[in-house]
Amino acid sequence: METLGHLAHGFSVAFTPMNLMWCLLGTTLGTAIGVLPGLGPALTIALLLPITYQVAPEASFILFAGIYYGAMYGGSTTSILLNTPGESATIVTALEGNKMARSGRGGAALATSAIGSFVAGTLGTLGVAFLAPVVVKFALAFGPAEYFSLMVLAFITVSAVLGSSSVRGLTSLFAGFVIGMIGVDLQTGQPRFTFGSTELLDGVDVIIAAVGLFAVGETIYMASRRYAGKDEIVPLKGSLYMTAAEWGRSWKAWLRGAAIGFPIGAMPAGGAEIPTFLSYAVEKKLSKHKQEFGTVGAIEGVAGPEAANNASAAGVLVPMLTLGLPTSATAAIMLSAFQSYGINPGPLLLTTQANLVWGLIASLFIANVILVVLNLPLIGLWVRLLKIPAPHLYAGILVFATVGTYGISQSPIDLVILYLLGAAGFLMRRFDFPTAPVIIGMILGPLAETQFRRAMTISNGDWSVFYKHPLSLTLLTLAFIGLVGPHIWAFIEHRRRRGTEHVPGDA
Amino acid sequence: MLNRRRFLMSTAAASAAGLAGLHHTPAFAEGAPQIQIFVPAAPGGGWDQTGRTMDQVLRSEKLISGSQITNVGGAGGTVGLPQFISQWNGKGNSLMVGGMVMVGAIIANKAANNLTQVTPIARLTGEFEALVVPAESPFKTAADFVAALKADPTKVPVAGGSAGGSDHILFGLIAKTVGVPAANLSYVPFAGGGEALSALLGNQVAAGISGFGEFSEQVKAGALRLLAISADKRQDGIDAPTLKEAGIDVELFNWRGVFAPPGVSDADKAAMITMVEAMAKSDAWATECKNRNWTSILLTGDDYAKFVAEDSARIEAILKDLGLA
Amino acid sequence: MSTINQPAAPSRLAVPELLVGIGLLACAGAVAWQTLAIPVSPLYSKVGPTVFPYLTMVGLAVLSLLLILAAFRGGWQPEEEKETPTDWKAMGFVIIGLLANLLLIRPLGFTAASVIMFVLVCYGFGSRHTLRDALTGLILALAAYFGFARALGVNIGAGFIENQLNAAIDTIIGALGG
């Protein structure tokens, strides 16, 4: 009840015309920068920090929250339409989303992503308002051993994207491990796989890899196949928005995605990518339309991950607002904005700055509404992007990729990496290797390694941490069931069917 | 349809330009110079904030008419440094932001260039470090911590920032001073302050070392206990001894400063020092420092050059002990 | 990668696939070589920085051997993919466009390099309205450049074009504000 009172007060802060304007501006700007690969919400907020000198704290946080949520929407738009993920959290969206766009269901993919983001964003924000203390307790119980077990669980998602051959799929995964290991080893400070180059010490950005493998690789492949006449893009088939059947397939995926995304987002090292992987795997496992995955595009495979990434974006705010813990780059920048107002973010924030915090939470609700209202009518426009003649479309994608890659780092080395990965993406496409496992390997490999070694350092080399911690054991068990379960299930099915066959014979 | 997308993007961009116009609208103070600020890190980090805060204050104090900030990020500044040395050579209106982290990165990455090749202008700010433990920890004082470390360093996992960074260096210095071999230390590096903090709050490590600002609020709320700080003297409002007072003869500031490129004239160098000094002594700068938990530790010209050289030697020695150089 | 394979018995050696397998084996070799180059200090030896690289190397090597084996058994490419001839010319133009961008972005600046890439890629994809393409590319690149440089204060590689425009805009702002 107390929370409701706070929330009502928060809405009274957010619902002033000026603050609504900031929210609108933030969401618009967020959508625009979400579209650009490489330019994320963290960087944008960092660059707009000087605003804090000019306006009231409420206004700038409402602006920042709008940018943060908006970027998640914008990132999925380019993932779906151009196969060029704008944010790392929307890489998975590209897998099914772009397939849908190419087979004429881009409108439905964009709609399920917008509405799913709204649903999950709202649920997540409700979670921030009502569940924060519980969730944060759970999140802090996650130590390195638990994280490692979570990674192991996440690895079973690879099986969902392996494609037609597990040997080739695993090869992609291992290639991802190698790319992910490039750079300074966090635990010991030693350079790995850098071939003596200073530029490689920071590693390869996962967005650059995704854009290279997906977008640049695709462009080269399309050029090499120009006269083959296959893979023609169908801009629109059927209704622009979702059909009743597509609604029916989406809503459960949204809820599941939100349930996966929110708690993982709240974990200090959870991030937004892992919940999207997990959600994708869950949806593929549960879907009744498995044949659509990877071919014409399955709507569940867009709805789930999109919901998961927005819920995780809300989850990130839990430790930030309750403990002053920044668990993502964006949260860290927002905390430094608090500092420039002389507000010290910490465990006392909620009591000392109740106005600000509840105003922020209320504006998150408003941002979600604005985003869905803003994005749904735009879908008609976006889909027409697919009608751009191939030369301009593909040339534009390459310019786009350059802006994001070169723009931030100013380093030609990043362009070299982008194009090399583009060449690799082309070869992989040509020889039927799936590209998604490379990205999964790049993200999960180093995380799993770091957490494993961290756990071993803390426990002083004692392996038992992984099964003596109840949470860790639970996660490992889940992973085991996920991996072995389907086989056992198939075996039982097989036996049962054979059994029933016998019965009529006997009778 | 490209047109409409462009239209959308440019409207968004234009509205942002209105907002962030303060970046660029030149304030045209008569006769004040235009300067270039080179930040060898990505936008958003500590050096970038130093650069952008300098830009704000210099402009509000009418010391410059405007500035252009260039970010070349990567590898603790060792990607940007060679560029600054070769491509910015002789540009008298340019400043590079740098600091202790760069000194460490140059040594750990075995970089080809180092800070003796640029022109030291001024050390501006420093952040002292804090040694903290979870509230439930049995360690009540720094002496308890040292005693446990001496008994068996492998049983005292300490969380902090990246390997070879300022937190790791301080841990190494503490161990060295109390006679614990660096090779036995159990240091658990985390990528960001938030992650290390959560390991402490979750009681997964024995202690943590990081910039004081990272921990101050948790200490205030009673979630962490502050054992000691690495400042040179007691700080107002902080109820903890310095390491020296606690019997560990170590002092460490994670300092940040500015450098001019190589090959600038003495007149340019003097002008830069005067300008930066005026900025660092202004009230606006003092307010920024207070808000951001920076301690102003101004040191200019040759004294600064001497300090950089000494600090480099000290860091190199400790990184060798830690097996990183 | 050429298309020499005739429709043959499935047991026939597939040369392109074999090359892919060998290439991957070479990658595993490179991983091993670079892993040996990782300096391992005597400290932190609980689980050092080379353990995971070695595991990855072994995995990669085993997988590439499996792929080579598959190549000897006739490869895995679908017939459709094998029979489609590669359009070397179109692909060449795209690659030249990428290389031009890479080499020119420093000396000429972002906008000019982008326009050149845009035109070359459009040409590769069969567009023959080079002037119109150049104009489209120019507008796209300028919009991107000013989005970054003006709105966010990030300088994404100014060249001649950008500097002229920036100077012009500053003059206008100065005049308006003045």
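What percentage of the 507 residues of chain A count as buried? Select chain A and colour by burial: 68% of these residues are buried, that is, 20 or more other C-beta atoms lie within 10 Å of their own, with C-beta atoms placed from the backbone.

The model is predicted: local features need pLDDT of at least 70, side-chain atom pairs count only at pLDDT 80 or more, and totals for chains, interfaces and linings use all residues. Residues are numbered from 1 along each chain as its sequence is written, while chains are lettered from A and ligands numbered from 1 in the order in which they are written.

**Chain A**

Stay with chain A and display the cartoon, which shows 20 helices and two strands (DSSP runs numbered from the N terminus: H or I of at least four residues for helices, E of at least two for strands). The radius of gyration of chain A is 23 Å, close to the 23 Å from the globule rule for 507 residues, so the chain is as compact as a globular protein of that length; the radius is taken over C-alpha atoms, and the rule is 2.2 Å times the number of residues to the power 0.38. The C-alpha trace of chain A spans about 75 × 60 × 60 Å along its principal axes.

**The largest nonpolar core**

Next, select A209(A) and V121(C), the residues with the most contacts inside the largest nonpolar core, which has 333 residues. Such a core is a set of buried Ala, Val, Leu, Ile, Met, Phe, Trp, Tyr and Cys residues joined through C-beta atoms within 7 Å. Helix 6 of chain A (residues 106-140) gives the most to this core, with 17 residues. Around V121(C), display Y394(A), A395(A), L398(A), F93(C), V94(C) and G97(C), which V121(C) touches when residues up to four places away in sequence are not counted; contact requires C-beta atoms, placed from the backbone, within 7 Å.

**Chain B: strands and domains**

Move to strand 1 of chain B (residues 34-39), which runs parallel to strand 2 of chain B (residues 66-71) and is joined to it by six bridges; pairing requires at least two DSSP bridges. Here I37(B) stands opposite I69(B). Strand 1 of chain B also pairs in the parallel sense with strand 3 of chain B (residues 94-99), over three bridges, and F38(B) has M96(B) as its bridge partner.

Finally, colour domain 1 (34-126 + 254-321) and domain 2 (127-229) of chain B separately; the bounds come from an automatic or database domain assignment. Their contact takes 13 residues from domain 1 of chain B and 15 residues from domain 2 of chain B.

Terms used. Buried ≥ 20, exposed ≤ 12 C-beta atoms within 10 Å, placed from the backbone. Contact = placed C-beta atoms within 7 Å.
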